[in-house]
Amino acid sequence: MTKLLFICSRNQWRSPTGEQVWRRQPGIQARSAGTSPNARRKISAADIAWADLIFVMEKKHKNRIQAEFGRLLEHKRIHVLDIPDEYQYMDPELVEQLTDAVAYVLANNDPAAG
């Protein structure tokens, strides 16, 4: 079972969409969280520990979780998806971007690459 963690700022549109799209795929578990103190569900150390792969929507999210959870991320792979905050929950274009980008990472994921 591969565990995917999706991160955006407020855990309102982008990361919950990623979770929803991928949670029904065979062999996948998915969660989402946000970096903002006002997030619907704020990222925690337990989320980092749980995840096999972490997908952030923007570089700023990667920077924020690295600043907050530095050592916990030492053996974690963080993928920046470069998806701007301009989509609503389950927007068809957002779903397509998340589907394509995550599928590419999963197809090319080498756990030894750390």
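## Close-up views of a predicted model

**View A. The surroundings of Ser-15.** Leaving aside residues up to four places away in sequence, Ser-15 touches Phe-6, Ile-7, Cys-8, Ser-32, Ala-33 and Met-57, where contact means heavy atoms within 4.5 Å. Ser-15 is part of helix 1; helices (H or I, at least four residues) and strands (E, at least two) are DSSP runs, numbered from the N terminus. With a relative accessible area of 0%, Ser-15 is buried; the term stands for under 20% relative accessible area, exposed for over 50%, and partly exposed for the range in between (1.4 Å probe, protein chains only). A polar atom of the Ser-15 side chain lies 3.4 Å from the backbone oxygen of Ala-33.

This is a predicted model, in which local features need pLDDT of at least 70, side-chain atom pairs count only at pLDDT 80 or more, and totals for chains, interfaces and linings use all residues. Residues are numbered from 1 along each chain as its sequence is written, and side-chain values use heavy atoms, with hydrogens and water left out.

**View B. Strand 1 and its two partners.** Five of the seven residues of strand 1 are buried, so this strand is mostly covered. Strand 1 pairs with strand 2 (residues 28-34) in the parallel sense over seven bridges, pairing being assigned if DSSP finds at least two bridges between two strands. To find your bearings here, look for Leu-5, whose bridge partner in strand 2 is Arg-31. Strand 1 also pairs with strand 3 in the parallel sense, over four bridges, and there Leu-4 has Leu-53 as its bridge partner.

**View C. The β-α-β unit.** Strand 1, helix 1 and strand 2 form a right-handed β-α-β unit. Right-handed means that, with the strands pointing away from the viewer, the path from the first strand over the helix to the second runs clockwise.

View D. Leu-94, Leu-98, Val-102 and Val-105 are the buried residues to look for in helix 4. Seen down the helix axis, the buried residues fall within an arc of 55 degrees, so they line one face of helix 4; the arc is that of the directions from the axis to the C-beta atoms. Their cover includes strand 1 (2-8), helix 1 (14-22), strand 3 (53-56) and strand 4 (77-80). On the other side of helix 4, Pro-92, Tyr-104 and Ala-107 are exposed.

**View E. The N-terminal end of helix 4.** Asp-91 caps this end, with a side-chain oxygen 2.8 Å from the backbone nitrogen of Glu-93.

How values were computed
Polar contact = N/O pair within 3.5 Å; in protein donor to acceptor, adjacent residues only side chain to side chain.
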